[in-house]
Amino acid sequence: MIENKVTEKKLVYTVTIPIRWGDMDAMGHVNNTVYFRYMEQARIEWLSMMGCLPDEAGNGPVIVNAYCTFKKPLKYPGQVEVCTYIGAAGRSSFETMQEMRSVGDGYALYAEGGAKVVWVSAETGKSETLPEAIKQKLSEIKVSKRKNKAVKV
């Protein structure tokens with residue numbers, strides 16, 4: 001298991017996603033792979049809002065690891081709220097952490113996970129320094145002490 005050593009995290013985005021019938025597996029609950037899709041959807045929506053998508057040369061964000069800890073099984077019908085947090089940015093990367101809560105169960109925590117995002121050169125396939133504009137946006141995000149509320153950027 002990947003240990004999350006981030007001591008300070010900042011809430012940056014919250015989205016509610018409907019649980020689809022097809023998200024369930026033979027056991028009658030949301031399949032474990034779908035949790036990663038929920039996290040991906042929230043992360044991509046936030047990255048897009050931040051302007052943190054591949055540039056004209058194809059350089060852009062790549063996930064180098066992802067993890068999820070399952071607390072309780074999500075079931076259809078329902079909605080899952082995905083809260084996305086970030087840790088401090090490094091030279092070429094930053095950590096994202098996510099919480100998945102059931103809207104119909106008093107926002108109880110059902111799973112938590114995250115991914116390390118690294119800025120990669122399309123030409124070399126190696127990490128490179130985060131663009132200044134993205135570093136600036138990441139540094140401007142304020143720490144939120146409010147539960148389940150996104151911080152506007």
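Trainee: Before we start, what are the ground rules here?
Mentor: It's a predicted model, where local features need pLDDT of at least 70 and side-chain atom pairs count only at pLDDT 80 or more, while totals for chains, interfaces and linings use all residues. Residues are numbered from 1 along each chain as its sequence is written, and side-chain values use heavy atoms, with hydrogens and water left out.

Trainee: OK, how many helices and strands are in the protein?
Mentor: Two helices and five strands. Those are DSSP runs numbered from the N terminus: helices are H or I with at least four residues, strands are E with at least two. Going from the N terminus, the order is β-α-β-β-β-β-α.

Trainee: Now rings. How many aromatic pairs does the count come to?
Mentor: Four. The rule takes rings of Phe, Tyr and Trp (its six-membered ring) with centres within 6.5 Å; planes under 30 degrees apart are stacked, over 60 edge-to-face, and the rest tilted.

Trainee: What kind of pair do Trp 21 and Tyr 76 make?
Mentor: Edge-to-face, because the planes are at 85 degrees, with the centres 5.5 Å apart. Trp 21 is in the loop between β1 (10-19) and α1 (32-50), and Tyr 76 is in the loop between β2 (60-70) and β3 (78-86), so the pair ties together parts 55 residues apart in sequence.

Trainee: Is Trp 21 buried or exposed?
Mentor: Exposed, at 60% relative accessible area. Tyr 76 is partly exposed at 37%. Buried means under 20% relative accessible area, exposed over 50%, and partly exposed in between (1.4 Å probe, protein chains only).

Trainee: And what about Tyr 35 with Phe 70?
Mentor: Their centres are 4.9 Å apart and their planes at 85 degrees, so that pair is edge-to-face. Tyr 35 belongs to helix α1 and Phe 70 to strand β2, so the pair links parts 35 residues apart in sequence. Tyr 35 is buried at 2% relative accessible area, whereas Phe 70 is partly exposed at 39%.

Trainee: Which residues form a cluster there?
Mentor: Tyr 35, Tyr 38 and Phe 70 form one aromatic cluster.

Trainee: Switching topic: which ring does the charged end of Lys 9 sit over?
Mentor: Tyr 85, at 4.3 Å from the ring centre. To qualify, NZ of Lys or CZ of Arg has to be within 6 Å of the ring centre and within 35 degrees of the ring normal.

Trainee: Last one: what share of the protein counts as buried?
Mentor: 39% of its 153 residues. As for contacts (heavy atoms within 4.5 Å), residues 24 or more positions apart account for 69% of those with a separation of 6 or more.
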